[in-house]
Every structure is written in structure tokens, then in C-alpha cells.
Amino acid sequence: MEDVPRLNPAESAVEHTTSKAAAGADPRMGRRRKAAVLPREVAEFLVEFSIVLNHRSMYPDGHPQLQHAAERFVHRLEGLLASRRTLSLGVAYRHLLIDNVATDPGNALLRDLATRLHRHQVASLQITAGISLGEIDDLLGALAADPTRGQGPLGRRAAGIAHWSHLTVTAIDYGRLAFEDELLNPADGPQTGDQLWMGLAQLALGTAESADSPAVAQAIESQTGEVAYDRVVLDYLSRIAEEVSGRVSPAEDRLRQRVSSLIASFDPKTLRRLLEAGASQEVRDFTLNSSQVLAVDAVVQLLEAAADVSQQTISHHLLRMLHKLAHHAQHAAPEQRNEADGALRQNVARLVAGWQLADPNPSGYTAMLDHMVRERSLDFSATSSAEADPEIILQMGVEVGSCGPRVLNAIDRLVARGRMERVLQILRAAP
């Protein structure tokens with residue numbers, strides 16, 4: 001029987017984290033779809049791939065550790081190619097995609113491998129049986145090098161390496177993917193945010209020449225039932241939200257607009273499908289980051305989808321308030337837009353931060369929502385709500401069939417003044 005080297009602790013972690021992700025083991029995410037699990041031999045190979053690249057980066061040529069790591073890598077690769085003849089890896093920022101299975105971004109080794117390939121502007125890597133040791137050594141040496149120095153990213157120059165007959169490297173094609181108003185020049189070295197958007201666009205569109213948001217949204221919506229694909233898309237969106245958070249520049253503003261347009265273009269079912277592919281903490285972090293950077297209409301749409309996926313309850317009154325704030329943030333007078341915009345983002349952040357409660361409907365949670373609805377008036381005029389008689393506000397609300405934050409606040413004020421009986425009289429006389 002062939003002697004197969006024992007897995008080290010990092011390799012064992014591959015099986016553990018992949019299985020954990022596949023099971024969707026989160027009691028609050030009961031509807032989360034199960035992800036497929038990487039075959040053990042593939043997981044072991046990917047770990048060896050990451051380890052050998054780390055060693056090539058750390059040790060000088062001729063070091064014994066390099067030879068040992070290379071021998072293990074070749075052993076794993078030969079075993080894989082003997083059974084499948086071809087090995088294809090898709091590359092996202094923190095994921096690898098193989099056999100329609102996405103690797104777990106929580107595994108440090110596999111996340112490092114994906115990030116390294118992405119920095120080299122590699123969209124996919126295909127290795128076929130018969131690959132020579134020289135080709136393997138060339139590949140490892142190229143990927144271990146710093147893509148910002150020397151010959152630059154492997155993706156830009158792989159097509160010119162004629163002797164790679166068993167290696168096919170597909171680059172992220174920045175030169176052919178264009179924004180509506182400009183074409184990126186690969187020689188300029190696009191910023192990280194642009195790179196992430198282009199990676200997402202190429203994942204969705206393949207060889208399309210335009211990366212406009214509606215086209216990307218339509219392509220993503222057409223990919224149904226692939227959990228791995230959805231997980232990679234969510235990873236890209238999360239990284240973009242992190243990248244633009246706290247930054248102010250024309251490039252970041254353009255990226256915010258594009259991602260906001262993408263989110264707004266999604267059918268609600270598609271948005272829920274993408275969120276279901278991630279773990280609960282990923283969904284929460286993505287929603288929090290997005291609430292501070294995306295356009296307000298996209299923020300509200302994302303919040304509703306995230307609440308549904310996370311099985312959280314948002315009160316009807318709070319949703320009405322958020323939609324009203326979004327409307328004011330877009331259509332009110334200039335001096336009122338900033339206040340409405342800030343109120344919306346603040347309330348969404350507070351709400352999502354409260355999702356860590358085990359019970360989605362405890363009394364404290366409900367009280368928090370009610371307080372959030374009532375504490376900020378939607379009246380942005382110079383007239384203070386304190387100047388209006390709460391009884392008149394309540395009567396007007398009953399007559400027009402509206403029970404918004406102003407009406408609820410009026411009821412609170414009447415009750416605080418000991419006028420509960422009058423409140424009941426008005427409600428009993430309602431149409």
C-alpha cells in the first residue's frame with residue numbers, strides 16, 4: 001500500500017472547517033442551504049499548494065525545507081491527476097472554487113492561497129496530466145514572487161510562456177472590462193476596489209466587455225442553485241464594502257454607486273439566495289458595512305433580505321420609518337437629506353448590532369425597536385413636534401388611517417399625562 005504522508009494540523013483543519021461550513025451549523029440560520037464538501041484529496045492538495053508557496057517565499061533557493069515541501073506537493077498533484085486528468089481552480093479574493101465547491105474563507109491557509117492567486121491577477125488555473133517538474137517549478141516560483149515587483153503579476157504574462165503546455169492561466173481581464181464612462185488601463189495598476197469589482201464582473205460575465213451593474217446583476221441572477229457560486233459572489237460584495245468603508249475619493253464614490261445599483265437591481269429572492277450562502281456572522285458584517293457605504297435604497301433592501309435570512313423580526317413601524325427616511329434622504333431639501341441619511345444608517349447599524357440576541361423577539365428587543373421608531377421625528381421642518389397638541393395629532397392619525405412615529409409619540413405623551421381614557425375614546429370612535 002502506498003505510503004501517504006500524515007496530515008499535519010493545518011490539513012486536518014481543512015476537513016474540519018469545510019465540513020462545518022457545509023453543515024451550516026448555526027441554530028439561527030435554519031434555512032441556510034447546505035454546501036458541498038471538498039473531497040479529502042483535493043483539500044490536502046490545496047493545503048500543500050499553500051504551504052509550498054509560503055516556503056518558496058520564506059526560504060532561499062537550495063534550503064532543505066523547499067525540497068521537502070516540493071516533494072509533498074508533487075506527490076499530492078500526481079495523485080489527483082491520476083484520477084481526474086485535469087484540475088481546474090477558480091479564484092476569488094478569499095475563496096477558491098473547484099468542482100463547484102468553494103473553500104472555507106475561515107481557513108487561513110486556503111484563504112492565503114486564494115489571496116495570493118488573486119493578487120497575481122489569476123482568474124483561473126488549469127493543470128493537466130503530464131505536467132513536467134520544470135513547469136511546476138516555474139509556476140511555484142512565479143506565484144511565490146511579489147506581484148508588485150520584478151516581472152509583475154503572473155496573470156499579465158502567463159500567455160507569453162510558450163513552454164507551459166500543461167498549464168493554463170486565465171487572467172482577470174482588466175483591459176476589456178469597462179466602466180460606463182471610462183476604460184481601465186491595465187498598465188495603471190487598478191486600485192484594490194476596482195480589482196474586486198472587476199473580479200466579480202468577470203466571475204459573472206466571463207469575457208464580456210462591459211461591467212455595468214444591471215448586466216452583472218442579471219448574470220448573477222441566472223446562476224441558481226449553486227451555493228459555491230453564491231458564496232464567492234457574497235465574498236466579493238463583502239470585500240468591496242470593506243474596501244470603500246471610511247474612504248472618500250472619486251474612485252470609491254464610483255464603486256459605491258456601482259454596488260448600490262447592483263444591489264438595487266437584484267430580485268429580492270436573489271439577494272436572499274446570496275445571503276443564505278454565507279455564515280450568520282458574514283451576513284451580519286456585510287450588512288453592517290454596507291449600511292454605512294451604500295445608497296440608502298440599497299441599504300433598506302439589503303436589511304430586509306438579511307433579516308429574513310437571519311430569521312430576525314423587524315417591526316412594521318420600524319420598516320415604515322426606514323423607508324420614509326430613505327425617501328427623505330433622496331428627495332428632501334438639501335439641508336434635510338443629511339439628517340435623514342444619518343438617521344437611517346444609525347438606526348440600521350443599531351438594529352443589526354442587536355441581532356446577536358438568542359431570541360429574536362425578547363421584550364428588550366421589542367422595546368429597542370419601539371424606542372428607535374419614536375425617538376426621531378420624521379418632521380424635518382422648523383416647527384417642533386412639541387408645539388403640536390398630541391390629542392390633535394392622534395385624531396388626525398386615526399382619521400387618515402396612519403399610525404406612524406408621530407402618532408405613536410403622541411400616544412406616549414397623552415399616556416404620560418394620565419389621559420389614557422381619552423386615548424381609548426379616540427380609538428373607539430375611529431372609522
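Predicted model: local features only at pLDDT ≥ 70, side-chain atom pairs only at ≥ 80, totals over all residues.
P105 sits in the loop that links strand 3 to helix 4 (108-119). Helices (H or I, at least four residues) and strands (E, at least two) are DSSP runs, numbered from the N terminus. P105 counts as buried because its relative accessibility is 13%. Buried means under 20% relative accessible area, exposed over 50%, and partly exposed in between (1.4 Å probe, protein chains only). Leaving out residues up to four places away in sequence, P105 touches R94, H95, R111 and E282. Contact here means heavy atoms within 4.5 Å.

Residues are numbered from 1 along each chain as its sequence is written, and side-chain values use heavy atoms, with hydrogens and water left out.

**Confidence**

pLDDT is the predictor's confidence in each residue, from 0 to 100. The protein chain averages 76, and 77% of the residues score at least 70. Residues 1-30 fall below 50; beyond near neighbours in sequence, this stretch still has 55 contacts in the model. Residues 376-386 are also below 50, with 18 such contacts.

**Overall build**

The protein chain has 431 residues, of which 48% count as buried. Its secondary structure comes to 19 helices and seven strands. Among contacts with a separation of 6 or more, 73% link residues 24 or more positions apart. The chain exposes about 20300 Å², and carbon and sulfur atoms supply 51% of it. These areas come from the Shrake-Rupley method with a 1.4 Å probe; for residues, only the protein chains shown count as cover.

Five strands form an open sheet in the order 3-2-1-4-5, with antiparallel pairing. Strand 3 (101-102) and strand 5 (167-171) are the edge strands, each pairing on one side only. Two strands pair if DSSP finds at least two bridges between them.

| Strand pair | Bridges | Residues opposite |
|---|---|---|
| Strand 1 and strand 4 | five bridges | T86 and T128 |
| Strand 1 and strand 2 | two bridges | V91 and L96 |

A hairpin of four residues joins strand 1 to strand 2.

**Cores**

A nonpolar core is a set of buried Ala, Val, Leu, Ile, Met, Phe, Trp, Tyr and Cys residues joined through side-chain atoms within 4.5 Å. The largest has 62 residues; W197, L200, V216, I220, L237, L275 and L322 have the most contacts inside it. Apart from it lies another core, of 43 residues, including L96, L139, A142 and A158.

**G141**

G141 belongs to helix 5 (residues 133-144). G141 counts as partly exposed because its relative accessibility is 26%. G141 and R56 are 85 residues apart along the chain, yet their C-alpha atoms are separated by 7.0 Å.
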